[in-house]
Amino acid sequence: MSRIVYVNGRYVPYAKAAVHVEDRGFQFADAVYEVCQVRNGHLVDEARHMARLARSLSELKIPAPMSAGALAHVMRETIRRNRVNDGVVYLQVTRGEGPREFVFPSQDVPRTVVCIARAFAPDLQDATAADGIAVKTLPDIRWRRADIKTVMLLPACLAKEAARGDGAREAWLVDDKGFVTEGASSNAWIVSREGTVITRQIAPAILAGVTRATLIDLLREEKVAYEERAFRISEALEAREAFITSATNTVMPVVSIDGRPIGEGRPGPLTLRLRSKFDQFAVISGA
Ligand code: PDD
């Protein structure tokens, strides 16, 4: 079966899918995006993803290309046409195309909308989670509006490439004061010696992860103590457990930071419990 991509109102074969060379997404990274997990052919956490997309658009004054309901329909239709049962769906909205000028074009310029769905085997993710991942720390060199989910991802690419060079799957970004902001494409968490789950508070320095928000709901339900505050690498190295969250990884154990083991250097029991709780939620939410 050939893959189908949504581009500006049409569902086209993957090989034929294209946008204009003077699209502002291409020229200026003047675009926002969402990545949603797909379970059983359904979107996980749809409402939160659509709310965040609306916020990203509004922060950048990009007029919404269509209603949230219509955008969600595009995502569902892309999933359906590609017969994705488990995987991810990617939606990007750019300010549209036009001669390369820094100032915004007229509001009438149609926004570019692209949607791509990709299947992946949950077993592979689970195999990675069984071992846990290594993390490398790097200075956070991003702009100061990491709360907006823009496609301006070069710092994340550089960080992940540097991490890969050291055999690490994710980079944890550290701010000027020595506190971890978040992962290059995930939120960062630790579990203290006392068993308190800690992740940085929502602020312009980090993306308000959808998985993060849902996990906080689950922590409340499970009556697990948690704190939303910044932590340093030194505190993370003393932690009992560490993990990351994102739509693509859900809850993924971190077993080492800069080559130094966290806890016993194995995925922590609370992390694995939270991963399985999240999985149950995803299956229900995608039912
Ligand atoms: N990344 N922080 C950053 C910088 C991210 O890029 C992401 C997601 C997250 C986690 O957000 P969520 O739980 O809503 O996925 C945090 C996506 C998956 C990506 O760029 O592929």
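**Helix α4 and beyond**

Reply: On the face of α4 that is turned away from its buried side, the exposed residues are Asp123, Leu124, Ala130 and Asp131. The model is a predicted one, and every value below should be read with that in mind. Helix α4 covers residues 122-131, and its buried residues are Gln125, Thr128 and Ala129. Viewed down the axis of α4, these buried residues fall within an arc of 100 degrees, so they line one face of the helix.

Arg164 lies in helix α5, which runs over residues 154-165, and Arg164 is exposed, with a relative accessible area of 58%. Between Arg164 and Ala134 there are 30 residues of separation in sequence and 9.5 Å in space, taken from C-alpha to C-alpha.

In strand β13, which spans residues 241-246, one finds Thr245. Thr245 is buried, with a relative accessible area of 1%, and its side chain is joined to that of Trp189 by a polar contact of 2.9 Å.

The ligand comes next. It is surrounded by 19 residues, of which the closest are Tyr33, Glu182, Val210, Thr211 and Ala247. A nitrogen atom of the ligand is 2.7 Å from an N or O atom in the side chain of Glu182, and a nitrogen atom of the ligand is also 3.3 Å from an N or O atom in the side chain of Lys149. On the backbone side, a polar atom of Ala247 is 2.8 Å from an oxygen atom of the ligand. Taken alone the ligand exposes 470 Å², and the protein buries 90% of that.

The aromatic rings remain. The structure holds six aromatic pairs. One of them is formed by Tyr6 and Tyr11, with 5.1 Å from centre to centre and 65 degrees between the planes, and this pair is edge-to-face; the label follows because a pair counts as edge-to-face when its planes are over 60 degrees apart. Tyr6 is buried, with a relative accessible area of 6%, while Tyr11 is partly exposed, at 22%. A further pair, that of Phe28 and Phe102, is tilted, with 5.1 Å between the centres and 45 degrees between the planes. Phe28 belongs to helix α1 (residues 24-28) and Phe102 to the loop between β5 (87-94) and β6 (112-119), so this pair ties together parts that are 74 residues apart in sequence. Phe28 is partly exposed, with a relative accessible area of 21%, whereas Phe102 is exposed, with 62%.

The charged end of Arg232 sits over the ring of Phe179, at 4.3 Å from its centre.

Note on methods:
Residues are numbered from 1 along each chain as its sequence is written. This is a predicted model: local features need pLDDT of at least 70, side-chain atom pairs count only at pLDDT 80 or more; totals for chains, interfaces and linings use all residues. Side-chain values use heavy atoms; hydrogens and water are left out. Rings of Phe, Tyr and Trp (its six-membered ring) pair if their centres lie within 6.5 Å; planes under 30 degrees apart count as stacked, over 60 as edge-to-face and the rest as tilted. Buried means under 20% relative accessible area, exposed over 50%, partly exposed in between (1.4 Å probe, protein chains only). Helices (H or I, at least four residues) and strands (E, at least two) are DSSP runs, numbered from the N terminus. A charge sits over a ring if NZ of Lys or CZ of Arg is within 6 Å of the ring centre and within 35 degrees of the ring normal. A residue is near a molecule or strand if one of its heavy atoms lies within 4 Å of it. A polar contact is a pair of N or O atoms within 3.5 Å; within protein, one must be able to donate a hydrogen and the other to accept it, and residues adjacent in sequence count only if both atoms are side-chain atoms. Accessible areas come from the Shrake-Rupley method with a 1.4 Å probe; for residues, only the protein chains shown count as cover. The arc is that of the directions from the helix axis to the C-beta atoms.
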